[in-house]
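Please examine the arrangement of domains in the entry shown here.

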Amino acid sequence: MAYTIIDCYTDEPAGLGVPPYLGTYSRYITGYLDEDVNYLTIDDLRLWKKFNGIIHETKKSQKTDITTYNLSANHKNVNEILQKTDTLIVVLGVHVPGKYLSAIPGTLHEIIPMISGLKCKKILTGPAVFGTQLFGGKFHEKADLSVFDKVSYEMFNFLYKDVKEYSVKGASIIKQIPDIRMIEIETGHGCDIGKCSFCTEPIKNKVEFREKEDVLNEVIEFYKLGARYFRLGKQTCFYTLSYAVSLLEEIHSHCPDIKVLHIDNVNPVKVVMDKKNDFAITKAIVKYCTSGNIAAFGVESFDLEVVKANTLNTSPQVAYEAIKILNKFGAERGPDGMPKFLPGINIIFGLRNETKKTHEENMKWLSRVYDEGLMLRRINIRQVAIFEGTSLFDEGKDKFLRKNKKFYWKWRNEIRQKIDWPMLQRVVPSGTVLTNCYAEIYDGNTTFCRQFGTYPLIVGVKGRLPLKQFYDLEITGHMLRSITGKVVVEREVEVKN
Ligand code: SF4
């Protein structure tokens with residue numbers, strides 16, 4: 001049986017699989033099938049369909065074509081592979097739409113015509129089974145799924161006792177990916193709070209955690225295969241993990257040359273509760289993870305009315321306490337030039353009971369954080385995407401989105417101008433050197449570079465630097481959400497997966 005996976009990339013509240021991240025779905029499925037599995041990306045298919053498989057040089061006036069940037073090692077043989085395929089598995093689904101510097105996730109409307117003529121069995125899996133949407137402020141994409149023989153999330157939603165084996169076997173998929181990937185590691189799923197009105201995580205999964213040894217073995221397997229960039233990101237709250245401290249210690253001792261070890265989602269309530277253990281988890285993260293690390297706090301709103309109406313997980317006061325704790329332990333600058341460990345804040349527009357006061361409350365709390373000299377690494381603002389099965393879909397839907405849409409540009413802009421911009425100057429003052437920034441794309445005569453990591457800063461550098469190389473960049477200026485820099489050291493590519 002010849003199997004092929006087409007990775008159209010995934011982005012969920014807990015778990016990122018958009019390049020340069022490699023998500024878990026394709027990896028686990030490969031391990032489960034336990035045969036030679038062909039791995040293709042949606043970029044491979046675009047290149048094949050649009051350009052007959054031929055890579056075109058970007059002209060000096062052009063932006064890098066990010067629709068065909070993330071090619072697998074199989075991109076020259078797409079047609080041949082598809083013709084020989086018996087079963088095609090499409091992994092797709094964006095639930096938390098974002099902007100991606102060097103990738104564009106595939107949509108159902110895009111992939112369906114690409115595969116409809118193929119004779120093989122076709123399966124759709126991933127978050128798209130519950131709906132997908134590339135843009136915030138909209139309902140999920142509607143598409144005719146009859147081209148698929150099976151549409152199933154459950155089919156590949158393995159029990160953790162099986163993930164133990166599949167995750168290690170499936171790590172081999174990295175051999176089919178020529179570029180560096182940040183490996184998204186899963187530690188658990190489901191949410192022990194599980195009530196936020198917009199969230200699909202409680203619908204997809206019940207609360208469960210992987211065994212520590214299983215997580216560790218997967219990281220070690222990837223490490224043996226050459227991977228050096230990891231994020232313990234596929235979970236709803238890293239602090240909820242009972243073995244968080246010892247896992248970090250052991251990864252550190254088994255994988256001494258790891259380049260990046262970051263985390264993602266954190267519930268601010270758990271950061272404050274860690275006081276009982278003398279902040280052991282925060283201290284371990286600062287000690288064993290690499291710098292530039294961020295705990296993404298899903299605050300969503302600092303307006304208590306909105307918090308209550310949408311049963312959000314944290315009150316503004318608790319979020320503020322957690323921001324202070326992380327700053328106390330993590331604000332020191334690390335070897336890569338970034339502060340070691342800072343909070344990031346997620347804010348959502350369009351939730352139930354949102355009013356003009358909501359923006360005032362957001363500004364009040366964010367200004368307080370800034371005025372007290374604290375740091376936030378980033379504020380992520382998005383309009384809610386509405387999915388069936390959530391309580392927002394059942395009650396409220398897009399009522400508040402429609403009502404307040406006219407204010408969103410102004411609200412967002414005020415946060416960007418009054419908080420983000422001065423905050424960025426505090427987090428990375430001019431003259432700071434950020435090491436190992438990877439040149440990703442061109443836009444005209446500018447090269448955009450980033451460190452590998454969780455929500456890394458984008459640095460614009462004048463000129464067209466050779467892409468996919470590392471540079472140490474001195475920061476020369478600040479835009480609203482990105483920075484400018486100049487090269488101080490050019491490095492060879494040290495590691496490829
Ligand atoms: S805390 Fe809320 S947003 Fe986060 S995973 Fe749980 S239900 Fe979803």
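The paragraphs below describe the domains and then one interface.

This is a predicted model, in which local features need pLDDT of at least 70 and side-chain atom pairs count only at pLDDT 80 or more, whereas totals for chains, interfaces and linings use all residues. Residues are numbered from 1 along each chain as its sequence is written, and side-chain values use heavy atoms, with hydrogens and water left out.

The protein comprises domain 1 (3–156), domain 2 (180–427) and domain 3 (433–491), with bounds that come from an automatic or database domain assignment. The centres of domain 1 and domain 2, taken over C-alpha atoms, lie 27 Å apart. In contact (heavy atoms within 4.5 Å) are 29 residues of domain 1 and 34 residues of domain 2.

Between them, domain 1 and domain 2 bury about 2500 Å², of which 55% is on carbon and sulfur atoms; buried area is the accessible area (1.4 Å probe) that two parts lose on being put together, summed over both. Within domain 1, the residues losing the most area to domain 2 are Ala14, Tyr21 and Phe139, which together account for 22% of what that side buries.

Three salt bridges are counted between domain 1 and domain 2, each being a side-chain nitrogen of Lys or Arg within 4 Å of a carboxyl oxygen of Asp or Glu. The side chains of Lys234 and Glu12 form a salt bridge at 3.4 Å, N to O.
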